[in-house]
Amino acid sequence: MPAHLYVSGGRHRSCFSAVLFEPDGPRLIFLHDPAELLPLQALGYPIWLRVMGLGDPGAVEAMLDVVQVPRMLLPPLLEVPQRSRVDGLGEAVIVVLHRLSFARDPFHLLSSQVGLLLLPNLLVTFEEAPAGESFPELTAWLESRVGEVEHRDLDDILHFLVDELLDALFPMLEQIANRLDDLEEAALRDPKPKLLARAFVYRSNLRTIRNQVWPLRHQIRVLLRQRQQLLGPEALVGFQEMADLVELLFENCELLRHQCDAITQAYAASVGNRMNQVMKTLTILTSIFAPLTFIAGIYGMNFENMPELRWHLGYLYCIVLMAIVSVIQTYWLWRRGWFADWTAPR
């Protein structure tokens, strides 16, 4: 199994923050000690606790003990890597996804685990390797206090977070699709082994993305059938839309995987055409030089009764005859279309 995701200096250190949903609006608070969470919990308002980095499991568990998160729920959230999942366990909803991104281009795929835990009056997010602030777009939207109050419920926040992670896959698939189009054109114009190797790498990346959404197809529908009490009507509608989104992602991955197969077939067809062109060229040369070899073979025999050997201009006559035969042969093959290049770029 793959090991933990490492960054410079080891695993990402653990940082904590909380979004307190007060009557006047959400308020972002940065936490440095578990004791700072006690007065926030005493207020009785919904809390979104954000754990950024899993490098200090002791500090993470101490922070979760303050908000009374059951220890039995922690293994799938703190141990990495985990398979994508959406589960309803009693009064808890657990979601495990992976934030995928590209290092520089679609040739290099990076993955970091994101876990979400929904409990009564509490939402906890676990990010294996956050890049800067935790969910900056959603945080900015909450701090701006725009939108209806019910859209700030924790179950809706959970839906927004999952939706944000899944929506990020569409631009990635679009980049891969553009690269595959370029590879397919290159495979037809100038097939090289490195093009085939790149197609295999993109196919592997698509398999990784597909493995992320594959388990969600069934689990989201199971969660909807359970009628989880923590999920309100708006959140249930959101998860229903999420199920359709997962189906769309899965279909796009399958289409792009078929395009990888098409690139392999185009490469094989182009290589076959080039090989046929080489064999055709050799056949043309053989057809032209075969009668010349025949003539040279006849006059290369050492019989005494060959009157042509005593001709004063016999050598010149033989060269002229061979030239005429080669010109006639070449013209005849050209008229029959043998000199057409089937591999020329169009």
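Which residue lies over the face of Trp214? Arg210 does, at 5.1 Å from the ring centre, where a charge counts as sitting over a ring if NZ of Lys or CZ of Arg is within 6 Å of the ring centre and within 35 degrees of the ring normal.

This is a predicted model, in which local features need pLDDT of at least 70 and side-chain atom pairs count only at pLDDT 80 or more, while totals for chains, interfaces and linings use all residues. Residues are numbered from 1 along each chain as its sequence is written, and side-chain values use heavy atoms, with hydrogens and water left out.

**Aromatic pairs**

A search of the whole structure finds 5 aromatic pairs, a pair being two rings of Phe, Tyr or Trp (its six-membered ring) with centres within 6.5 Å, called stacked if the planes are under 30 degrees apart, edge-to-face if over 60, and tilted otherwise. Two of them are listed here.

| Pair | Class | Centre to centre | Angle between planes |
|---|---|---|---|
| Trp48 and Phe135 | tilted | 6.3 Å | 45 degrees |
| Trp214 and Phe250 | tilted | 5.2 Å | 40 degrees |

Trp214 is partly exposed, at 39% relative accessible area, whereas Phe250 is buried at 10%, where buried means under 20%, exposed over 50% and partly exposed in between (1.4 Å probe, protein chains only).

**The surroundings of Ser14**

Ser14 is found in the segment before β1 (15-22), and it counts as buried because its relative accessibility is 14%. Its side chain reaches the backbone oxygen of Gly53 at 2.9 Å, and a polar atom of that side chain lies 3.4 Å from the backbone nitrogen of Gly55. Leaving aside residues up to four places away in sequence, Ser14 touches Met52, Gly53, Leu54, Gly55, Asp56 and Val60, with contact meaning heavy atoms within 4.5 Å.

Note on methods
Helix = DSSP H or I, 4+ residues; strand = E, 2+ residues; numbered from the N terminus. Polar contact = N/O pair within 3.5 Å; in protein donor to acceptor, adjacent residues only side chain to side chain.
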